[in-house]
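Please look at the sequence and the structure first.

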Amino acid sequence: MHSSASKPGSTAIEDRVRERVRQLLESGALPRIYPAKLWVAPATNLLCSCCGEPIKTGYEYELAFPNAPSLKFHPRCYVIWDEEKGEPSEGA
Ligand SMILES: [Zn+2]
């Protein structure tokens with residue numbers, strides 16, 4: 001569970017990722033369930049499943065789902081995915 005942290009307002013990049021994540025959720029490319037396992041590891045330049053860009057710096061989140069390949073997310077994208085999957089069309 002997370003409480004809504006105070007944010008300085010979403011950036012243009014966040015808006016773009018959020019839009020993409022919504023489309024991927026609708027198409028089923030991204031799951032709406034919590035992963036069976038979640039790792040946080042140093043970035044290894046793999047493509048993020050949310051925004052499609054390589055995770056070059058910082059950390060990557062690896063999400064493992066049953067019967068599906070694991071997904072790599074930017075920490076930023078994970079937060080967006082987490083928000084979008086759980087509360088469809090609330091707020092905004
Ligand atoms: Zn990303």
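## Two helices

Helix H1 (residues 12–27) and helix H2 (residues 75–86) have axes that come within 9 Å and cross at roughly 50°. Axes here are lines fitted to C-alpha atoms, for helices over the stretch in contact, with angles from 0 to 180 degrees between N-to-C directions. Helices (H or I, at least four residues) and strands (E, at least two) are DSSP runs, numbered from the N terminus. H1 and H2 are therefore oblique to each other; angles under 35 degrees count as roughly parallel, over 145 as roughly antiparallel, 65 to 115 as roughly perpendicular and the rest as oblique.

The crossing of H1 past H2 is right-handed, the near helix being turned clockwise from the far one by less than a right angle. On the H1 side, Glu14, Val17, Arg18, Val21, Arg22 and Leu25 meet Cys77, Ile80, Trp81, Glu84 and Lys85 of H2. Contact requires C-beta atoms, placed from the backbone, to lie within 7 Å. By class, this contact has six nonpolar, no polar and five charged residues. Ala, Val, Leu, Ile, Met, Phe, Trp, Tyr, Cys and Pro count as nonpolar, Asp, Glu, Lys and Arg as charged, and the others, Gly among them, as polar.

## Model and confidence

This is a predicted model, in which local features need pLDDT of at least 70 and side-chain atom pairs count only at pLDDT 80 or more, while totals for chains, interfaces and linings use all residues. Residues are numbered from 1 along each chain as its sequence is written.

The mean pLDDT (the predictor's confidence in each residue, from 0 to 100) is 88 for the protein, and 85% of its residues reach 70 or more.

Three strands form an open antiparallel sheet in the order E1-E2-E3. E1 and E3 are the edge strands, each pairing on one side only. Neighbouring strands are turned by 25° against each other on average, direction ignored.

Strands pair if DSSP finds at least two bridges between them. Strand E1 (residues 37–42) and strand E2 (residues 59–64) are joined by six bridges. In this pairing Lys37 stands opposite Ala64, and Pro42 is opposite Tyr59. E2 and E3 share three bridges, with Tyr61 opposite Phe73. E2 and E3 also form a hairpin with six residues between them, and Asn67 in the turn has a positive phi of about 60°.

Terms used. Contact = placed C-beta atoms within 7 Å.
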